[in-house]
Amino acid sequence: MFMRLVSRDVLVVGGGEIAARKVRLLHKGQARIRVVAPQLCAELAEQQRNGQVSWLQQPFDADAFGQPTLVIAATDQPEVNRQVASVAQARGVPVNVVDDAQSSTAIMPSIVDRSPVVVALSSGGTAPVLARRLRDQIEKSLPSGYGRLAALSGAIRERVMQTLPEPRSRLRFWERVFDGPVAQRAVSGDLDSARAMLDDSLRQAQDADMPQGEVFLVGVGPGDPDLLTLRAHRLMQLADVVLYDRLIPEPIMDLVRRDAERIDVGKRRSNHTLPQEDINALLVRLARQGQRVLRLKGGDPFMFGRGGEEIEELMEAGVPFQVVPGITSALGCAAYAGIPLTHRDHAQSCVFVTGHPKADGTLDLDWPRLAHAQQTLVVYMGVGSLPALCAELIRAGLAADWPAALIFNGTRPDQQVITGQLDNLPQRVEAAGDITGPGLLIVGQVVRLRERCDWLQATRMA
């Protein structure tokens, strides 16, 4: 939350170097600053002589409070700071107490100033040094010319609203501006050229028809947000509406544009909120309304994600679409569990299958081909049919003590790996208790390598 402090009264209690640092920030907000302190440091004394701050030369008491919009307690005496906070809170005035987050109702963030664009970072008062380091990183990557671009956009904003009354058309217009040559010219300082191009872009947008919709089929990987591709993240910021299901964890949903409409299409085991046919039809309908539709897929859209069925429907309907691959669950979960899917000594091939049973509960798989000693078998959606999977593989020729592992919530903070053999893995999973979340089964000699290759556990213990 930002406060407009232009010509507003701000009370600063304290006259030392810490108070001076706070006053520097307040000057940027063009606040009227009143300092209460017995003495002033050289910097504040100079500002008082120049009329930049007013000074009440006394210790703080409630009578000196006045009617400020914001209060800063910046003395080197904690009991005085707490007294200031108590008075401010009793009068309903936001107060920032330096180095005392518990007494503060307002936090002074670290800022990156590209006025009128300001980036604020806060650790909630818990790690201000870390916030400053993050600020330094952003300072280096954020061009100073962004302030010019923001000012140029602000000058034409009202005209854009009048010219393009439909919100979606305005959104598309501004996205084209900020992604195109107008932004490049403004950031580089060529404001005259940028202004002329901006006017041309607005005239073209006024003459254009309703923007065409599009569908983005985006694979988000197995769960860790750090595994998202750059393209996936960019399209997540462009979407007007997002279709998601239970395989999409909350940290990834938090990266979707905040004002996008969200539609939960379910996809829980044996309980689909929407049948696949209805999802296909919904994608087409929303795109024909001119919306950019983000279809999020756990793992990769084309690896047991039914992405092929969805794009067939989009192609038949003539709806434009993009497909963004993701790290499929087999690769991500195996890597985070420390299980290599191939190994020169143990597995020269890897087979991916789905363990989802047919309507009658049976598994229609080529068991003799899957029960191969020199390969790794990865089974998606096999948690519910785990006992049957293990029994069928033993019947097809694998040894009862053949290594196997079940990975729940792979790559996520609550990842859990249960290892065992074909003849005891179902019992071990049952003994582990009520485990929720997506699961992936890996069968093969490579599972034995986990003790040596579990880099994630070693990292956590370091």
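Asp224 is located in the loop that runs between β8 (214–219) and α9 (230–236); helices (H or I, at least four residues) and strands (E, at least two) are DSSP runs numbered from the N terminus. The model is a predicted one, in which local features need pLDDT of at least 70, side-chain atom pairs count only at pLDDT 80 or more, and totals for chains, interfaces and linings use all residues. Residues are numbered from 1 along each chain as its sequence is written, and side-chain values use heavy atoms, with hydrogens and water left out.

Is Asp224 buried or exposed? Asp224 is buried, because its relative accessible area is 14%; buried means under 20% relative accessible area, exposed means over 50%, and partly exposed lies in between (1.4 Å probe, protein chains only). The side chain of Asp224 makes a polar contact of 2.8 Å with the side chain of Tyr336. A polar contact is a pair of N or O atoms within 3.5 Å; within protein, one must be able to donate a hydrogen and the other to accept it, and residues adjacent in sequence count only if both atoms are side-chain atoms. When neighbours within four places in sequence are left aside, Asp224 is in contact (heavy atoms within 4.5 Å) with Tyr336 and Thr411.

## Overall form and surface

The protein contains 18 helices and 17 strands. Its radius of gyration is 30 Å, whereas a compact globule of 462 residues would have a value near 23 Å. The radius is taken over C-alpha atoms, and the globule rule is 2.2 Å times the number of residues to the power 0.38. Along the principal axes, the C-alpha atoms of the protein fill a box of roughly 90 × 60 × 40 Å.

Of the 462 residues, 45% count as buried. Among contacts in the protein with a separation of 6 or more, 62% are accounted for by residues 24 or more positions apart. The accessible surface comes to about 24,300 Å², and 50% of that surface belongs to carbon and sulfur atoms; the areas come from the Shrake-Rupley method with a 1.4 Å probe, and for residues only the protein chains shown count as cover. There are 51 positive and 53 negative side chains, and the centres of the two sets lie 4 Å apart. In this count Lys and Arg are positive and Asp and Glu negative, while His and the chain ends are not counted; the place of a charge is NZ of Lys, CZ of Arg, CG of Asp or CD of Glu.

## Backbone features in loops

The peptide bond from Ser115 to Pro116 is cis, with omega near 5 degrees. Pro116 belongs to the loop between β6 (110–114) and β7 (117–121).

Arg306 is not a glycine, yet it has a positive phi of about 60 degrees. Arg306 is placed in the loop between β11 (292–297) and α12 (307–317), and it is partly exposed, with a relative accessible area of 34%. Asn409, another residue other than glycine, has a positive phi near 50 degrees. The loop between β15 (403–408) and β16 (416–421) holds Asn409, which counts as buried because its relative accessibility is 7%.

Ser110 forms part of strand β6. With 10% relative accessibility, Ser110 counts as buried. Beyond neighbours within four places in sequence, the contacts of Ser110 include Val119, Ala120, Leu121 and Arg135.

Arg8 is found in the segment before β1 (9–13) and is partly exposed, with a relative accessible area of 42%. Which residues does Arg8 touch, not counting residues up to four places away in sequence? Arg8 touches Ala31, Arg32 and Thr69. The C-alpha atoms of Arg8 and Ile33 are separated by 8.2 Å, although the two residues are 25 residues apart along the chain.

Gln206 is part of helix α8. Thr163 and Leu164 are in contact with Gln206 once its neighbours within four places in sequence are left aside. Gln206 and Asp9 are 197 residues apart in sequence, and their C-alpha atoms are 44 Å apart in space.

Ala208 lies in the loop between α8 (191–207) and β8, and it counts as partly exposed at 47% relative accessibility. Ala208 and Ser169 are 39 residues apart along the chain, with 9.3 Å between their C-alpha atoms.
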